[in-house]
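Please give a briefing on the model shown below, with the details grouped by topic.

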Amino acid sequence: MEDTEPWRRPLAYGPWETAILLLTPLLLLPVYRFPVTVFLATLPCAYVWYLQPSLFALYVMAAKGRGLVAVAGYGLLGATFWTSIHYEGEETWLGTTTRVWEVGSFVAIPVVIGLLNRAWKRSAARLAALEESRERESRLLTLQVLSAERDRIAREMHDIVAHQVSLTYVQAGALEVTTGDPAAREVACAIRDRASRTLDELHQMVQVLRVSGGTADALAPQPQPQLSEVPALIAESGLDVDCRIDVALDGPLSPVRSSAVQAAVYRTVQESLTNVRKHAPGADVRVEVYAAGRRLHVEIRNGPPAPGRPPLDVPSSGYGHVGLRERARLLGGTFAAYPTADGGYLVRVTYPVQAAL
């Protein structure tokens with residue numbers, strides 16, 4: 001019985017058909033750069049019912065936004081080419097139209113998927129842009145709030161703290177002039193000098209707080225304390241300090257080139273010595289600064305307070321170690337502080353030799 005449906009005939013692959021099947025995967029390599037060219041080059045594959053390359057090229061064209069009209073035209077061309085090859089023999093106009101519609105619908109699937117994929121990517125890009133814009137507005141609002149808070153703190157520091165320190169400076173100067181005791185005169189002179197330095201640093205901090213935005217370097221007080229000033233700081237503390245510094249403090253041999261790290265070391269030693277004076281008067285203190293493994297190590301260890309010398313009743317905010325820990329974290333270092341077995345206290349800090357700030 002003669003087969004009246006040629007499109008169901010078994011396929012016989014000859015040399016040309018086999019060559020097309022083997023070479024087609026190579027044509028797909030530049031499909032993302034030249035989808036139209038690849039589509040036209042893979043159309044002959046329809047002769048052997050190998051439509052996957054052409055369908056994939058249609059999907060890429062739709063996903064890359066080549067235009068709905070152009071993609072529909074290429075899809076219709078592929079459907080017509082496929083139909084003209086595999087639907088042979090006499091057939092009614094309605095039957096031919098039905099088969100073309102079937103093939104066209106099948107070819108339209110990758111076009112629809114590509115258009116949906118492109119629409120999804122554009123929607124995702126818009127959502128990402130909206131989210132980025134919202135985050136930018138949130139950061140600007142945060143900066144405005146922080147700027148207003150810095151201005152408020154700067155005003156309070158100037159009006160309250162600076163006033164009290166100025167009174168201390170004036171009274172110490174008056175005592176230095178009027179007293180006849182050499183020891184009292186020396187103490188008054190020291191108080192006046194320290195009050196003067198405190199006022200200078202306070203004015204620098206007020207200026208920093210009034211800066212809105214800027215980089216970390218712009219927000220740092222100028223000039224910053226240097227590593228070379230640590231020995232003088234220890235000498236001025238009036239404590240019995242055993243100091244061991246195994247690094248060059250300045251010059252080209254110094255391993256620490258970052259001014260932020262040098263200032264952090266200075267502030268760490270300064271805060272630790274202040275705590276010893278308040279909480280362990282008369283205690284032995286050991287300060288060590290050394291470099292190991294491309295990191296700078298700072299250790300301040302003190303023993304228990306001397307017998308008969310209780311801790312001083314000095315107001316304390318409790319934020320000294322919090323500030324040191326935060327400073328170390330920002331510089332990529334570590335901070336640890338804890339009591340020792342003999343009743344003393346140990347502060348251990350490390351900083352990278354080359355810090356980010």
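In helix α2 of this predicted model, the residues Pro35, Val38, Phe39 and Thr42 are buried, where buried means under 20% relative accessible area, exposed over 50% and partly exposed in between, with a 1.4 Å probe and protein chains only. Because these residues cover an arc of only 105 degrees around the axis, they lie on the same side of α2, the arc being that of the directions from the helix axis to the C-beta atoms. An α-helix has 3.6 residues a turn, so residues three or four places apart point the same way.

Residues are numbered from 1 along each chain as its sequence is written. Because the model is predicted, local features need pLDDT of at least 70 and side-chain atom pairs count only at pLDDT 80 or more, while totals for chains, interfaces and linings use all residues, and side-chain values use heavy atoms, with hydrogens and water left out.

**Overall make-up**

- The secondary structure of the chain comes to 9 helices and 5 strands, with helices (H or I, at least four residues) and strands (E, at least two) taken as DSSP runs and numbered from the N terminus.
- Read from the N terminus on, the elements follow the order α-α-α-α-α-α-α-β-α-β-β-α-β-β.
- Of the 357 residues in the chain, 32% are buried, and the accessible surface comes to about 22,000 Å², of which 61% belongs to carbon and sulfur atoms; these areas come from the Shrake-Rupley method with a 1.4 Å probe, and for residues only the protein chains shown count as cover.
- Among contacts (heavy atoms within 4.5 Å) between residues at least 6 apart in sequence, 66% join residues at least 24 apart.

- The structure holds 2 aromatic pairs, where rings of Phe, Tyr and Trp (its six-membered ring) pair if their centres lie within 6.5 Å, and planes under 30 degrees apart count as stacked, over 60 as edge-to-face and the rest as tilted.
- Phe56 counts as partly exposed at 31% relative accessibility, and together with Tyr32 and Tyr59 it forms one aromatic cluster.
- Arg33 also lies in the loop between α1 and α2 and is exposed, with a relative accessible area of 65%; the C-alpha atoms of Arg33 and Val60, which are 27 residues apart along the chain, are separated by 9.5 Å.

- Helix α8 (residues 259–279) has 21 residues and reaches 30 Å from its first C-alpha to its last, close to the 30 Å expected at 1.5 Å a residue, a span defined as 1.5 Å times one less than the number of residues.
- This helix is mostly covered, with 15 of its 21 residues buried.
- The largest nonpolar core has 29 residues, of which Val265, Val269, Leu273, Val285, Val287 and Tyr351 touch the most other members; such a core is a set of buried Ala, Val, Leu, Ile, Met, Phe, Trp, Tyr and Cys residues joined through side-chain atoms within 4.5 Å.
- Two or more residues of this core come from each of α7, α8, β2 (285–292), β3 (295–302), α9 (320–330) and β5 (345–352), and α8 gives the most, with 8 residues.
- Apart from this core lies another, of 13 residues, among them Val31, Phe39, Met61 and Ala62.
- Val269, found in helix α8, is buried with a relative accessible area of 0%, and, leaving aside its neighbours within four places in sequence, it is in contact with Val230, Leu233, Ile234, Val287, Val298 and Ile300.

- Ser237 sits in the loop between α7 (230–236) and β1 (241–245), counts as buried at 9% relative accessibility and, leaving aside its neighbours within four places in sequence, is in contact with Leu273 and Arg277.
- Arg286 is in strand β2 and counts as partly exposed at 28% relative accessibility.
- Not counting residues up to four places away in sequence, Arg286 touches Asp242, Arg244, Glu299, Ile300 and Arg301; Arg286 and Arg244 are 42 residues apart in sequence and 7.8 Å apart in space, C-alpha to C-alpha.
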